Amino acid sequence: IDPGHGGKDPGAISNGVQEKTVTLPMGLQLQGILQAEGARVIMTRSSDVNPAPGGSVDDDLQARVNDAQQAHADAFISIHANESGDPNVSGVTTFYGPACGFYSNVTLTPTIVGRSYSLASKVDAAVVARTQEHDNGTQGVAFWVLGNPGIPAILVEAAFLSNPPEAGKLVDPGYQHLLADAIADGVNALFASGDATGNPPPPSSAM
């Protein structure tokens, strides 16, 4: 589990809220829920720190990927809050890594893309069902943490800090727990479906 940003990197700042201050409690809530269900959980951070202390933003991002790779994780879940110049934009967006990877000449296998897409779809559906927020769907984008982890990986933009009502919800511990519980539902759905170890088809657009 990767609570986005942290330490010297606040992430998005809008409506008086720093992104790092809402991603961490959501990540810790998700950790507790999954551990209670028998999962072994590795956190990229468990406090307001940078995973690569003293390093650059790039070092910080790579440290998160390294944690997942070294743990031989079955899934990598990065938790974020979105931002837009339009305060009316709202909703949930869940990203997975397409085949092109992040670095030049790096490609993700159809199996990894398919598993990541399956996880993204299941988490997105669960979060939308539990929150009743607008669904921006799943999108294949080569973010750093999704670009070459070698394992199923997603990045969840749970809501928009730039949207005043959503920002208000994101700082509410009860809503944070609701989001974490919904993400856990999606993770459980992945493993229940067999897609975590199977070969679910990747979207053609992601290949």
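# Reading strands, burial and ring pairs

Reader: Which residue in S7 is the bridge partner of Ile77?

Author: That's Ile154. Strands here are DSSP runs of E with at least two residues, helices are runs of H or I with at least four, and both are numbered from the N terminus. This is a predicted model, where local features need pLDDT of at least 70, side-chain atom pairs count only at pLDDT 80 or more, and totals for chains, interfaces and linings use all residues. Residues are numbered from 1 along each chain as its sequence is written, and side-chain values use heavy atoms, with hydrogens and water left out.

Reader: How many bridges join S4 to S7, and do they run parallel or antiparallel?

Author: Two strands pair if DSSP finds at least two bridges between them. S4 and S7 (residues 153-160) have six and run parallel. S4 also runs parallel to S1 (residues 2-3), with two bridges; there, Pro3 is the partner of Ile79.

Reader: How many residues of S4 are buried?

Author: Buried means under 20% relative accessible area, exposed means over 50%, and partly exposed is in between (1.4 Å probe, protein chains only). In S4 (residues 76-82), seven of the seven residues are buried, so the strand is largely enclosed by the rest of the structure. Phe76, Ser78, His80 and Asn82 point one way from S4, while Ile77, Ile79 and Ala81 point the other way.

Reader: What does Thr44 touch?

Author: Contact means heavy atoms within 4.5 Å. Leaving out residues up to four places away in sequence, Thr44 touches several residues, including Asp2, Pro3 and Phe76. Thr44 sits in the loop between helix H1 (19-36) and helix H2 (57-70), and is buried at 10% relative accessible area.

Reader: OK, rings next. How many aromatic pairs are there?

Author: In general, you describe a pair of aromatic rings by the distance of the centres and the angle of the planes. Rings of Phe, Tyr and Trp (its six-membered ring) pair if their centres lie within 6.5 Å; planes under 30 degrees apart are stacked, over 60 edge-to-face, the rest tilted. That rule gives five aromatic pairs. One of them is Phe102 with Trp144, tilted at 4.9 Å centre to centre and 35° between the planes. Phe102 is in the loop between S5 (92-96) and H3 (110-131) and Trp144 is in H4 (residues 144-147), so this pair ties together parts 42 residues apart in sequence.

Reader: Is Trp144 buried or exposed?

Author: Trp144 is buried, at 14%, whereas Phe102 is partly exposed at 37%. Trp144 also pairs edge-to-face with Tyr103, at 5.5 Å and 75°.
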